[in-house]
Amino acid sequence: MLIRSSSVIAVCCAATASFAETPAVVTDMTPMTALANSVMHGVAEADQLLPAGASPHDYNMRPSDAQKLATADIVLWVGHGLTPWLETPIESLAPNALSIEMLDSADWPVLETRTSSSIWISDAEDDHDHDDHSEHDDHAEHDDHDNHEDHGHEDHDEHAEHEDHGDHDDHDHHDHGPNDPHAWLSPDVMAAWANTVATELSAYDPANAAIYQANAALAATELEALHGELSALLADVPDHSYVVAHDAFQYFEVAFGVPAAGTIALSDAAEPGANHIAELRELMHDANITCILTDTQTNPQWATIIAEGTDASLAIVDPALSGNTPDLAGYAANMRDMAQTLADCVAD
């Protein structure tokens, strides 16, 4: 009995010592926590700063958050383009921590921020006969607004004029920079980021490198399966059959071949001008748009105004994916919820 008890104590102490030597990882938001926890599974768990439902753009840190950063060995965050408020606290509170800024990492498909227009559909596509997404050779073509010369909307020959970004009062407050930061909404990007995180963790903590690498490989396999599953779920969603509340879904659109017709606001902090609201209402009728995806970061009143008098359904999604557990299973569940919500909204 005493020998067995001593053995158990020894094992427990050894496990505690091993855990203490693993890096303390702090993340900014749920998708990054899911990423960290999937790669660190069996070694440790990450500590997250933003609570569920908090805006990643302008979060006010609490004393407990400052303590998390002060004791962090590694800070894993999306990057300055999404959470610019975090840069200074990392420098001041965690100057010796390894900062892994995913937007600055390599080997993943970066999409540029859409800034020239909030309408992404041309007259040639208004007939809405593009159910086969494989026919769209390059989704980037839908982002080249210089080619969309005429939408048939009176007095709106150039979108730069109708947008009049002065109407979007606070757009500069949440300037994402040249690249779209919402990249976690693509499973392919998450798989690439998992590999990057595994590489960084392996260099910092070589004792657990084999675990990190194996976990990243497993995550890539599961994310590939998720991509295939959601592609099948969204296969019948017609192109340009919905608009979004703010431009946070570009990676999701490209990943699954479901381009949106436009956005109510380019940023969740911006408010659409009267001209843009009028153009969107006209577009809803002309293009037979059946769905408006609102989100938890944007004022829902604009979607209600634009949908009034149309047959369009409104559905709420969370692009921050803050629901469910902060692991790969939770990420997959959140992505399934978003895909199913879109499919149902368009079908209603």
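In the protein chain, take the contacts (heavy atoms within 4.5 Å) between residues at least 6 apart in sequence: 71% of them join residues at least 24 apart. This is a predicted model, where local features need pLDDT of at least 70, side-chain atom pairs count only at pLDDT 80 or more, and totals for chains, interfaces and linings use all residues. Residues are numbered from 1 along each chain as its sequence is written, and side-chain values use heavy atoms, with hydrogens and water left out.

On to the overall make-up. The protein chain holds eleven helices and eight strands, taken as DSSP runs numbered from the N terminus (helices are H or I, at least four residues; strands are E, at least two). Of its 348 residues, 54% count as buried, meaning under 20% relative accessible area, with exposed being over 50% and partly exposed in between (1.4 Å probe, protein chains only). The chain exposes about 15,500 Å², and carbon and sulfur atoms supply 51% of that; the areas come from the Shrake-Rupley method with a 1.4 Å probe.

Now for a helix pair. Two packed helices are described by the angle between their axes and the distance between the axes. For helix 2 (residues 30-39) and helix 6 (residues 187-204), the axes come within 9 Å and cross at roughly 55°. The axes are lines fitted to C-alpha atoms over the stretch in contact, and angles run from 0 to 180 degrees between N-to-C directions. Helix 2 and helix 6 are therefore oblique to each other, given that under 35 degrees is roughly parallel, over 145 roughly antiparallel, 65 to 115 roughly perpendicular and the rest oblique. Helix 2 brings Pro31, Met32, Leu35 and Val39 to the contact, while helix 6 brings Met190, Trp193, Ala194, Val197, Ala198 and Leu201. Sorted by type, these residues come out as ten nonpolar, no polar and no charged.

Two single residues go side by side here.

| Residue | Helix | Relative accessible area | Contacts beyond four places in sequence |
|---|---|---|---|
| Ser38 | helix 2 | 11% | Asn215, Ala219, Leu328 |
| Ala343 | helix 11 (residues 328-347) | 14% | Leu233, Leu234, Val237 |

Ser38 counts as buried at its 11%, and Ala343 counts as buried at its 14%.

Definitions and conventions: Ala, Val, Leu, Ile, Met, Phe, Trp, Tyr, Cys and Pro count as nonpolar, Asp, Glu, Lys and Arg as charged, and the others, Gly among them, as polar.
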